[in-house]
Amino acid sequence: MIQKDEFVHFLVQTGALKFGEFVTKSGRHTPYFINTGEFRTGKALSRLAEFYAQAFVEHFKDKASNLFGPAYKGIPLCAATAMALFQHHGMDLSFTYNRKEAKDHGEGGNLVGDTYKELRNVVIIEDVITAGTSVNETMQTMKAFPHAKIKGLLISVDRRERLENGKSALATVEETYGIEAHSIISIDDIIAFLESEENRQKIGAPENILEKVRAYRQEWGA
């Protein structure tokens, strides 16, 4: 079972979760920001992969044989998760990632790793989604590979923000593509973490941050 408070603390420690004043791509002013590009040491990436692997086991065990990491952030995530699944759970899955531009020499193509010459049940490994744009691009890319059967999506944090359709990005992905979509934690888990005064003190949380995050969730949450 994933220790969600532990994961939130880990995100803050590594700088991947920050509290303050930020603006999202959609122009919303948010009191928190998530950037998994902050995982830039072997120790941090290894620990992150352990959380991804545990979430995979909880949601996708026996449902998938391949991990797909969309370029660029998904590449180290899927490779590291594949390693963690083998090291900690004895599961030996293949992994695949794409190039932004197809290679026209050597083996060619725009896929690296398992190139789906045989049937594979696939889980996409992403960092964070807000509007689902990256997932839509990935699903379009995968149409060219009939042996790749997309079974699900796994991300680190679900912001659970309301899209124009009134639903969250993960719920929209599930509905649009008929796949499972899961996260290690959601904004509700971050709020639950912040509700502990001990936790707020432990991370040096800004004053009134709990109220600000709650208000943002109330305004924009799905």
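Author: What follows is a set of questions and answers about the labels given to parts of this structure. This is a predicted model, in which local features need pLDDT of at least 70 and side-chain atom pairs count only at pLDDT 80 or more, while totals for chains, interfaces and linings use all residues. Residues are numbered from 1 along each chain as its sequence is written, and side-chain values use heavy atoms, with hydrogens and water left out.

Reader: Why is Ser186 called buried?

Author: Buried means under 20% relative accessible area, exposed means over 50%, and partly exposed is in between, with a 1.4 Å probe and protein chains only. Ser186 has a relative accessible area of 3%, so Ser186 is buried. Ser186 lies in strand S9, residues 180-186, where strands (E, at least two residues) and helices (H or I, at least four) are DSSP runs numbered from the N terminus. Leaving aside neighbours within four places in sequence, Ser186 is in contact (heavy atoms within 4.5 Å) with Asp158 and Arg160.

Reader: What makes Asn208 partly exposed?

Author: The relative accessibility of Asn208 is 44%, and therefore Asn208 counts as partly exposed. Asn208 lies in the loop between helix H7 (197-203) and helix H8 (209-220), and its phi is near 65°, a positive value in a residue other than glycine. Tyr116 also has a positive phi, of about 60°, although it is not a glycine, but Tyr116 is buried, with a relative accessible area of 4%.

Reader: How do you know that the span of helix H2 agrees with its number of residues?

Author: The expected span of a helix is 1.5 Å times one less than its number of residues. For the 19 residues of H2 (residues 42-60) this should give 27 Å, and because the end C-alpha atoms are 25 Å apart, the span agrees. H2 is followed by Asp62, whose phi is positive, near 70°.

Reader: Why is the pair of Phe56 and Phe60 called tilted?

Author: A pair of aromatic rings is described by the distance of the centres and the angle of the planes. Rings of Phe, Tyr and Trp (its six-membered ring) pair if their centres lie within 6.5 Å, and planes under 30 degrees apart count as stacked, over 60 as edge-to-face and the rest as tilted. By this rule the count comes to eight aromatic pairs. Phe56 and Phe60 are 5.9 Å apart centre to centre, with 40° between the planes, and this pair is tilted. Both lie in helix H2, four residues apart, about one turn of the helix. Phe56 counts as buried because its relative accessibility is 0%, and Phe60 is buried because its relative accessible area is 0%. Ring pairs also link Phe7, Phe10, Phe39 and Phe51 into a cluster.

Reader: What makes the charged end of Arg159 sit over the ring of Tyr32?

Author: A charge sits over a ring if NZ of Lys or CZ of Arg is within 6 Å of the ring centre and within 35 degrees of the ring normal. The charged end of Arg159 sits over the ring of Tyr32, 4.2 Å from its centre.

Reader: Why does Thr172 count as buried, and which backbone oxygen does its side chain reach?

Author: Thr172, which lies in helix H5 (residues 169-177), counts as buried because its relative accessibility is 17%. The side chain of Thr172 reaches the backbone oxygen of Ser168 at 2.8 Å.

Technical notes: Polar contact = N/O pair within 3.5 Å; in protein donor to acceptor, adjacent residues only side chain to side chain.
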